[in-house]
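I opened the notebook with a few plain things to look up. Here is what I wrote down as I went, for anyone who wants to follow along.

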Amino acid sequence: CEFRGLREKEEEIGQQVIINSTQGGNRKGISITGDGEKRLKRVKLSGGSESEGKELFIINVGNDVKSDIIIENIEMVQWKGGFIKSEGGNSIALQDCIFSGSGTIVHHSVVKLEIASSEFKGEEQYIDIDSFITATKGIINIINSTFRQGSFYGQDIGCIVCSDNCSQCLIEGSEFIANKPQSNSASVSITSTQCILLSIKGLQSKRTIFSGLGINDSFSGNFVKSIAAKIDISFTDFTYATFIDREK
């Protein structure tokens, strides 16, 4: 089952996609993709206007779905809702996507969630937002992706939050740039007692990078906060940056 080339014209799409056992969920694979390879552009996808969509998601994967789901070449236009909420599936993969706003991905499935070559961007004015990725189950694998301009405040809030029964969080060659984790928050937060491994690594040619705004403030949050049984960090740079008031 494949959704390809959702629009031939350069415009936004306002709709929701529901995947369950009666709507394609028993197929082996489901692909949702734009025509990025043909037009060198991503299809812009939204669930409605910027003032709509609170607590809603553009793509909903039901707990009775057994498919491998691949989503690529999509740009989420900013609105108050999230992009995908997964309760089932055999695997979930997102590639070459751009997401604006917060509460983007909520993963409640025991299957692997893989995100590659994608970008997550918060508010330019550093208004406090919800986490970009929240996972309560499964293995989370982040590859060559960027998280920027997120301002987070409070427990279990950050760029990536793995809680409850999430078993592994693997991050490779990614960048966490100009984020502002505040009290009790972290760019990467692992609070799952079932998590056996947090791995953050890069390569000599592509290091993982953490930089933040106000990190050296005593009331700020952390780059990484974890209670995983094993923590493996290599080829990773942590850079302090001081928050500057733009009005001054």
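Predicted model: local features only at pLDDT ≥ 70, side-chain atom pairs only at ≥ 80, totals over all residues.

Entry 1: I then looked up Ile231 by itself and found it in strand β24, residues 231-234. Ile231 counts as partly exposed because its relative accessibility is 44%.

**Entry 2: confidence.** The average pLDDT of the chain is 83, and 77% of the residues score at least 70. Residues 1-13 have a pLDDT below 50, yet in the model this stretch has 35 contacts beyond near neighbours in sequence. I noted another such stretch at residues 242-248, where pLDDT stays under 50. For residues 242-248 the model has 10 contacts beyond four places in sequence.

**Entry 3: backbone angles.** Which residues have a positive phi although they are not glycine? I wrote down Asp96, at about 55°, and Phe235, at about 45°. Asp96 lies in the loop between β10 (91-95) and β11 (98-100), and its relative accessible area of 24% makes Asp96 partly exposed. Phe235 is in the loop between β24 and β25 (236-239). Phe235 is partly exposed too, with a relative accessibility of 38%.

**Entry 4: an enclosed strand.** Is strand β20 largely enclosed or open? I went through residues 186-190 and found that five of the five are buried, so β20 is largely enclosed by the rest of the structure. Next I looked for the partners of β20. Strand β18 (residues 160-172) pairs with β20 in the parallel sense, over three bridges. Strand β23 (residues 222-226) also pairs with β20 in the parallel sense, over four bridges.

**Entry 5: salt bridges.** How many salt bridges does a search of the whole structure find? I got five, and I took notes on some of them.

The side chains of Arg148 and Glu119 meet at 3.1 Å, N to O. Arg148 is in strand β16 (residues 146-148) and Glu119 in strand β14 (residues 119-121), so this pair ties together parts that are 29 residues apart in sequence. Arg148 is partly exposed at 26% relative accessibility, and Glu119 is also partly exposed at 26%.

Glu175 and Lys206 form another salt bridge, at 3.7 Å from N to O. Glu175 belongs to strand β19 (residues 175-181), while Lys206 sits in the loop between β21 (197-201) and β22 (208-212), so parts 31 residues apart in sequence are tied together. I have Lys206 down as partly exposed, at 34% relative accessibility.

Asp237 and Arg207 have side chains that meet in a salt bridge of 3.0 Å, N to O. Asp237 lies in strand β25 and Arg207 in the loop between β21 and β22, so the pair ties together parts 30 residues apart in sequence. Asp237 is partly exposed at 30% relative accessibility, and Arg207 is partly exposed at 31%.

Terms used
Residues numbered from 1 in each chain as written. Heavy atoms only, no water. Helix = DSSP H or I, 4+ residues; strand = E, 2+ residues; numbered from the N terminus. Buried < 20%, exposed > 50% of the residue type's maximum accessible area, 1.4 Å probe, protein only. pLDDT = per-residue confidence, 0-100. Contact = heavy atoms within 4.5 Å. Pairing = 2+ DSSP bridges. Salt bridge = Lys/Arg side-chain N within 4 Å of Asp/Glu carboxyl O.
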